[in-house]
Amino acid sequence: MKEGDIVLAMLPQKDGRGKYRPAVMLRRMPGFDDLLVCGISTQLRQQVADFDEIIEPSNADFKASGLKASSLIRLSFLAVLPASSFLGTIGSISGERHQRLLSRLSEHLQPKDKSDTAI
């Protein structure tokens, strides 16, 4: 698996159980070789504006993604998982889309002012 691949991963659900779902492999983490992924959903209405990203059949990288319908790449649904949590790869997104997702995530993680760091 490489960065930008769309994988089938055992992702945690609201009820606490795991379910195999498509996810984008964002980054291999240092140390134990775990993978940072973000979930993919066909529930487009869940989109967080200016953060999550829709991939649809009219996009140049849709066919290579292995997805069957317009889908939401949910940067708002992250998980760090061991390699054993994956069934395999179904496709990939473009390098440009991958970089755009990483940039959005990086920008979000950097506090804009001191009030952003309060918990």
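Trainee: Let's start in a loop. Is Asp50 buried or exposed?
Mentor: Keep in mind that we're looking at a predicted model. Asp50 sits in the loop between β3 and β4 (53-55), and its phi is positive, about 60 degrees, although it is not a glycine. Most residues other than glycine have a negative phi. The relative accessible area of Asp50 is 74%, and the cut-off for that class is over 50%, so Asp50 is exposed.

Trainee: How does Asp33 count by its relative accessibility?
Mentor: Asp33 is another non-glycine residue with a positive phi, about 70 degrees here. You'll find Asp33 in the loop between β2 (18-28) and β3 (35-41). Its relative accessibility is 41%, which falls between the 20% and 50% limits, so Asp33 counts as partly exposed.

Trainee: How far can I trust the model, and which element has the lowest mean pLDDT?
Mentor: The mean pLDDT of the protein is 92, and 95% of its residues reach 70 or more. Among the elements, helix α1 (residues 62-65) has the highest mean, 98. At the other end, with 93, is strand β1 (residues 5-12).

Trainee: Now the sheet: which strands stand at the edges?
Mentor: Six strands form an open sheet with antiparallel pairing, in the order β4-β5-β3-β2-β1-β6. An edge strand has a single partner, so one side of it is left without a neighbour in the sheet. Here those strands are β4 and β6 (86-92).

Trainee: What angle does helix α2 make with β2?
Mentor: Helix α2 (residues 95-109) packs on the sheet, where it touches β2, β3, β4 and β5 (71-81). Compare its direction with that of β2 and you get about 90 degrees.

Trainee: Which residue stands opposite Met25 in β3?
Mentor: Met25 lies in strand β2, and β2 runs antiparallel to β3, with five bridges joining them. Another bridge partner pair in these strands is Arg28 with Leu35. For Met25, the residue opposite is Val37.

Trainee: Is Met25 buried or exposed?
Mentor: Look at its contacts beyond four places in sequence: they include Met1, Leu36, Val37 and His98. Cys38 is 13 residues away in sequence, with 6.9 Å between the C-alpha atoms. The relative accessible area of Met25 is 1%, under the 20% cut-off, so Met25 is buried.

Trainee: On the other side of β2, which residue stands opposite Ile6?
Mentor: β1 and β2 pair in the antiparallel sense over seven bridges. Their hairpin has five residues between the strands, and there Gly16 takes a positive phi near 90 degrees. The residue opposite Ile6, in β2, is Val24.

Trainee: Last one: which strand gives the largest share of the lining of the largest pocket?
Mentor: The largest pocket has a volume of about 250 Å³. Its lining includes Pro12, Arg21, Gly39, Ile40, Ser41, Arg74 and Phe77. Both β3 and β5 supply at least two lining residues each. The largest share, three residues, comes from β3.

Conventions
Residues numbered from 1 in each chain as written. Predicted model: local features only at pLDDT ≥ 70, side-chain atom pairs only at ≥ 80, totals over all residues. Heavy atoms only, no water. pLDDT = per-residue confidence, 0-100. Helix = DSSP H or I, 4+ residues; strand = E, 2+ residues; numbered from the N terminus. Buried < 20%, exposed > 50% of the residue type's maximum accessible area, 1.4 Å probe, protein only. Pairing = 2+ DSSP bridges. Contact = heavy atoms within 4.5 Å. Axes fitted to C-alpha atoms, helices over the stretch in contact; angles between N-to-C directions. 1 Å grid on protein atoms, 1.4 Å probe; cavity = no way out; pocket = protein on both sides within 12 Å on 5 of 7 lines; lining within 4 Å. Points joined across faces, edges and corners; volume = space filled by probe spheres on them.
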